[in-house]
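Morning, everyone. Let me put the model up, and then we'll walk through some helix packing and a chain contact.

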Amino acid sequence: MILTISLLVPLLAALLLAFPLHWPQRYYRGFATGIALVPCLLLVIAWVNFDTRGSLFQHVHEVPWVPSLGMAWRVGADGIALAVATMSSFLIAGAAFYPVDTYGRARQYYAWILFLQAVSLGVFLALDLLLFYVFFDLNLVAMYFLIARWGHGKARFAATKFFLFTLCGSLALLLGILGLYLSVEPRTFDMRILIEQQPLAGTGLLASLVFLGLMVGLIIKTPLAPLHTWLPQAHVDSPGPVSAILAGVLLKMGTYGMIRIPYSMMRQTFEQYALAIAVLALVSILYGALVALAQHNLKRRIAYTSINHMGYTVLGIAAAGALMSDSPMAQRLALTGATVEMVAHGLITGSLFFITGSFWQRTREYDLDAYGGLAAKAPVLAFAMVLAAFASFGLPGLAGFVAEFQIFAGTFAIYPWLASIGLLGILITAALFLQMLQKLFFGSLPQRWTEFTDLGRDERLVLAVLLLAVVVIGIYPNVLLGPIEASVTLLVGRP
Amino acid sequence: MLWSIPAIALLGAPLLFWFGRRWQRIWLATFTGGICIVMFMLAWYGLQAGWQGTYSWNQTLTLQLDLTPLTALFVLTIAATAAPVVIFTAYHETRHGLPRLHSLLLFFTGAMTMLVLAADLLSLLIAWELVGACSWALISHQWRDKHKVQQAGWAFLVTRLGDLGLFVAVFSALAATGSLSYGALSELGGGLLHLFAAGLVLAAATKSAQVPFSPWLFCAMAGPVPVSALLHAATMVAAGTFILIRLYDILAPVPWFEPVVLGLGLCTALAAGLVACAQGHAKKLLAASTSAHYGFMWVAIGGGYPAVATLHFVVHAALKAALFLVTGVVAKSAGSYRLEKMGKAEQRSLLAVISLVSVLALAGLFPLGAAWTKEKIVTVAGHVTPLVALSTMLAGALCAIYAARFHLHLFGTLGRPLKGRGPAYRASVAEFAPLCFLALCTVLLSLLWLPSAGQTLEEWLKAPLPPFKAWELILSTILVVAGGLLGCRLTGRQSTVDPALGRFFAGWWSLPVLGHLLVVKPVRISSQLLSRAEQQFAALGMGAVGAISHHLARLDQRAVDKATMLSARLTRYLAKLNARAGEWLFNGIPTGMAALCDKCATRVQSLQTGLSHQYYTLAVVGVISFILVLITGEMF
């Protein structure tokens, strides 16, 4: 029940905002933030009440909907889903609060943000495949309008490209979902039954085709190279907070979906293709890092590091799904690491994109070479970005390290060579972030930025909360690890 | 409880950063110096009390700290070096950014302490990375100078390259033993043990600035003087050597471990010695000498006596910190770190005495403690082969040459006071006190020459120290003296070596250029190529989509065009047709019908003949045809 409420509150509020209300413009932001914090609170309660010795899915709520199709309103969460959902709801609440230019259309902007929060939580909390798919696609709609109407540059073009590209992925995913649905008797979209029955185990070609459909859809969403080209353009042209949601929440749907559907429901097929997925992830790690190093556009550079980081996550998932019976400890580590990486990447890259939003609000300039010496004008901004950048390349004491250490430690026991080569990604990301910091903040201040202002109160508040979470997870990961490990143990232990 | 030692520094640093912005110099000195002294005392007390520390993330990932005599000795040295350095910093550096510098130095010291105390690989890795990141922040302290930030970046990246080796080592240990604790490492065997050792040696070589990674220390010279002092004497650079000493028992069974470490150490000692002899930049001279001295320690480890390396670390910490701080004072007067410009800048005899003591120790001259440890290293090398011992002695002679150069340039009678220089920088008492303390430590360490000292240390560290051999001791001392004299002579001459060769040595044997050519450039080019390829690919993809849509549009246009044209023509045709045939048709139908009716009427009229048999015949034909219709209607 608690999950249903956390989903419905922002949805109803979004519906309310769809009507012409004629409130003063500044009220909408406060309203949206207040509403967006409700799911945060509820999910934290759900997190605290999660029983680490209980069943896989908890807080389950089920209402019959279309019984003839085997579809129902089913929500519930394991530790993985709950961790990602909680992070997402906080990030979106931050995005609602983060000051941004809404071009006089505040009501519509915040309506879409709240709608996005509802459907994003829906993806992570759904226990029904069809419901999952519906939420998965509704995200695209919300994101399309947010980018197209409040973006800058070639926003229309970027939004359309994003929409069409990911819609193709969704269609592949839909075919996969239908394949799963048709293979189970009696027909049902209930994830718990599908996980339990492993319906396509041992069916050869059919299983492979369904798996391919699912993976193509999820890989486009994640995205892994070479299916990532929608990402940089969408990031560059969307407003800062929307970029933060795009990187922090939407990309997680791909990797979360991988854990939830192919990994959980088609374990045997996943084992068969785990190495291929791991190689693809490795390519993404190195490719994302190398291409990011060559970018001169601030936002593009961060966007490409997302590809690198999602590569780490997929590498962890692939290692956890590899055919290895003698090392469950390593597989648990890898999957836990992948989950922590989702949370960490959401918080860290979310913060980085919020900061790029602040840059755009002040200067309308993303070219790194145009900047320099800003540490003198904006020490708080510089501090926040240095912290986020160091977290992003995995400095110990910050969340990224906890994630990457576990991913690589787990993967090394299973694919030693892939893990060793993948480590180079850590080095290249360090190089690219140091170079970025140096270009932005150090050296002499160009004449045109003498009026550059430091972060405002609201911006500081959002970044402080996010970065505090990054530090706490880095120093005391126990807050995160309990429920995640409980679920991971159940998932990995599954035959 | 053991966590308290690193924790007070690691937590004190952010506190200082937030609350110390307006603090006076004296408060900064008291706070940071005080924490270092507390760390020293806690380590002393903790050793007696047998402190331990554990902190669990989960069952597999547990952070452990342990205080053994070895780690205690390191912690004591670190704290004892850090305290004078931070006090010196408080009074030597410019006010701007001073609290930040202090909090970073404190954090740096705390991270290094954690590194030393770590009893498992995860804690080690965490501390190892933190030390590296701190060094970046410290070196780029004067961030308004873009060049310095760049140098900091290079230093960080080179050491992080080595960190990847540590990552691999940690992972192979975890994969083999399922645990991260040092205690479980004895289970390591086979290929993974080799991988573990290789990773660790790579990580240690980069941190300890051994060949071929040594040049990063030159980049590190962009930082302020106290940073260099701490970085070289007790923290960052020591980390690599420390870990080899700490895990010596695990690594020694690997057959290639000792020869490789010995070889790297010896190469570094000789190569870096030549670099230091040729360098004209005071800090870089000292940086190269750091590489050389850590090279000596590696020779000791490679020769099988890690305890000797430990002791050499201690004496080196005291002398190197003092030398850097002396350089800082002199450079502030001279306004330059170029050796030829530093002469006669600072004429206070106390400074010269401190420098002389440290320089003699650097050269390894009897009766200073540094000489004792260096001669022990020569003895260890002699255990391997006499040739190694001779090479080590030669490296020692090189030390004497650059030590003499350094001191004579700064304080000798050779330097001429430059005209037009402002008044000399008057170092305060607060700067002299730490210097005197460090010099005093160097002098007191001469006690190592007492025969009982060696025995006590052997028992305490539970590790053997080799006995001296007379011929090695005598030959080595002769070489040191000869080196010193040669150094004095060389300093007087303007150019005794080929300048090109000098530049080659001074530029670290072109290693930075090579690294740039072999690693940095390929990475940079490939990243640019990939990025460009992607753009083109994306453009191609977009182009393809565009072309297709364009063609479709054209096709569409044409088709629509054609269809429109066609329909227009059709209409026109139909119109024409209508105009002729239509009119004819529509006109013809009614008139034709009328004509037909007219004809039918006349024919029907002709049937009315009045003949009854014709009428009957017609009636019969009609009935028959009616019946026929009925029948056929039935049939169909």
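At what angle do helix H12 and helix H13 of chain A pack? About 170°, with their axes 8 Å apart. H12(A) covers residues 298-321, and H13(A) covers residues 328-363. Axes here are lines fitted to C-alpha atoms, for helices over the stretch in contact, and angles run from 0 to 180 degrees between N-to-C directions. Helices are DSSP runs of H or I, at least four residues, numbered from the N terminus. That angle makes the pair roughly antiparallel, a label for anything over 145 degrees. Their contact has 13 nonpolar, nine polar and two charged residues. Nonpolar is Ala, Val, Leu, Ile, Met, Phe, Trp, Tyr, Cys and Pro; charged is Asp, Glu, Lys and Arg; the others, Gly among them, are polar.

A word on provenance: this is a predicted model, where local features need pLDDT of at least 70 and side-chain atom pairs 80 or more, while totals for chains, interfaces and linings use all residues. Residues are numbered from 1 along each chain as its sequence is written, with chains lettered from A and ligands numbered from 1 in the order written.

Now the chain contact. Chain B gives 33 residues, chain A 37. Contact means C-beta atoms, placed from the backbone, within 7 Å. On the side of chain B, H6(B) has the largest share, 14 residues. By class, that side has 18 nonpolar, ten polar and five charged residues.

Stay with H6(B). Its axis comes within 7 Å of that of H7(B), residues 190-207, crossing at roughly 155°. So H6(B) and H7(B) are roughly antiparallel too. Their contact has 15 nonpolar, six polar and two charged residues.

Definitions and conventions:
Helix = DSSP H or I, 4+ residues; strand = E, 2+ residues; numbered from the N terminus. Parallel < 35°, antiparallel > 145°, perpendicular 65-115°, else oblique. Contact = placed C-beta atoms within 7 Å.
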